[in-house]
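I opened a new notebook page for this structure. My plan is to look things up one at a time and write down what I find.

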Amino acid sequence: MTAKEYLRRYEYADLRAKRYEEEYILEHELIGSIGINYDGMPHGSGISRKTENEALRLAEKAERCVEARLDAIRIRQEVFDFISDIDDYEGEILFQRYVNLLKWEEVCVAVHLSWYAVHDHHRKALAIVQKRLEEKST
């Protein structure tokens with residue numbers, strides 16, 4: 001795994017969690033729009049089997065949302081811990097880019113450096129991370 005792949009794991013986990021949450025919200029709204037009162041718990045009587053199945057499926061999606069968000073939080077903490085002791089601009093650039101998920105322009109503003117200086121420090125920081133990953137794997 002390259003340094004950049006390792007650091008971007010949180011970004012991908014966060015996107016996955018957001019995708020699951022959006023799907024859950026959309027489906028919850030659609031179910032509500034057809035008049036099914038879903039309170040998170042399936043009910044035994046007075047509900048059709050089809051409605052009960054939809055409620056159970058929605059509950060499963062809610063659980064998947066929670067699991068994905070917890071996974072994203074765990075990965076974010078791993079990335080944060082991994083880069084937390086990298087000093088100077090290198091560490092701050094990694095933090096802003098891979099933990100705070102800022103775009104490059106926003107990173108430049110956050111660290112008060114030019115685009116070229118940020119990318120130069122980023123290249124050095126990736127070399128540090130790559131070296132640490134190689135040490136960790138041995």
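Which residues are buried in helix H5 (residues 104–111)? I looked them up in the model, which is predicted. I found Trp 104, Val 107, Cys 108 and Val 111 to be buried there. Next I checked how they sit around the axis. They span an arc of only 100°, so they lie on the same side of H5. An α-helix has 3.6 residues a turn, so residues three or four places apart point the same way.

**What H5 packs against**

I then asked which helices the buried residues of H5 pack against. I noted two partners: helix H4 (88–99) and helix H6 (115–137). I also looked just past the end of H5. His 112 follows the helix, and its phi is positive, near 60°.

**H4 against H5**

I took the pair H4 and H5 next. Their axes come within 10 Å and cross at roughly 135°. Angles over 145 would count as roughly antiparallel, and 65 to 115 as roughly perpendicular. At its angle, H4 is therefore oblique to H5. I recorded the crossing as right-handed. From H4, the contact is made by Tyr 89, Glu 92, Ile 93, Gln 96 and Arg 97. From H5, Trp 104, Val 107, Ala 110 and Val 111 take part.

**The whole chain**

Read from the N terminus, the elements run α-α-α-α-α-α. Of the 138 residues, 31% are buried. Residues 24 or more positions apart account for 65% of them.

**The cores**

I went on to the nonpolar cores. In soluble globular proteins, nonpolar side chains tend to be buried together. Here the largest nonpolar core has 18 residues. Those with the most contacts inside it are Leu 7, Val 79, Ile 83, Leu 94 and Val 129. Which helices supply at least two residues each? I listed helix H1 (3–7), helix H2 (9–33), H3, H4 and H6. H3 gives the most, with five residues.

Leaving out residues up to four places away in sequence, Val 129 touches Ala 3, Leu 7, Phe 82, Ile 83, Ile 86 and Leu 94. I also found a second, separate core of eight residues. Ile 93, Trp 104, Val 111 and Val 118 are among them. Trp 104 and Val 111 were already on my list of buried residues in H5.

**Two single residues**

I checked Gln 130, which is in helix H6. Is Gln 130 buried or partly exposed? Its relative accessible area is 22%, so I wrote down partly exposed; the limit for buried is under 20%. Leaving out residues up to four places away in sequence, Gln 130 touches Met 1, Thr 2 and Ala 3. Gln 130 and Ala 3 are 127 residues apart along the chain, yet their C-alpha atoms are separated by 4.8 Å.

My last entry is Lys 61, in helix H3 (residues 49–83). I noted 11% relative accessibility, so Lys 61 counts as buried. Which residues does Lys 61 touch, not counting those up to four places away in sequence? I found Glu 23, Tyr 24 and Glu 27.

How values were computed. Residues numbered from 1 in each chain as written. Predicted model: local features only at pLDDT ≥ 70, side-chain atom pairs only at ≥ 80, totals over all residues. Heavy atoms only, no water. Buried < 20%, exposed > 50% of the residue type's maximum accessible area, 1.4 Å probe, protein only. Helix = DSSP H or I, 4+ residues; strand = E, 2+ residues; numbered from the N terminus. Arc of directions from axis to C-beta. Contact = heavy atoms within 4.5 Å. Core = buried A, V, L, I, M, F, W, Y, C linked by side-chain atoms within 4.5 Å. Axes fitted to C-alpha atoms, helices over the stretch in contact; angles between N-to-C directions. Parallel < 35°, antiparallel > 145°, perpendicular 65-115°, else oblique. Left-handed = near helix turned anticlockwise from the far one by under 90°.
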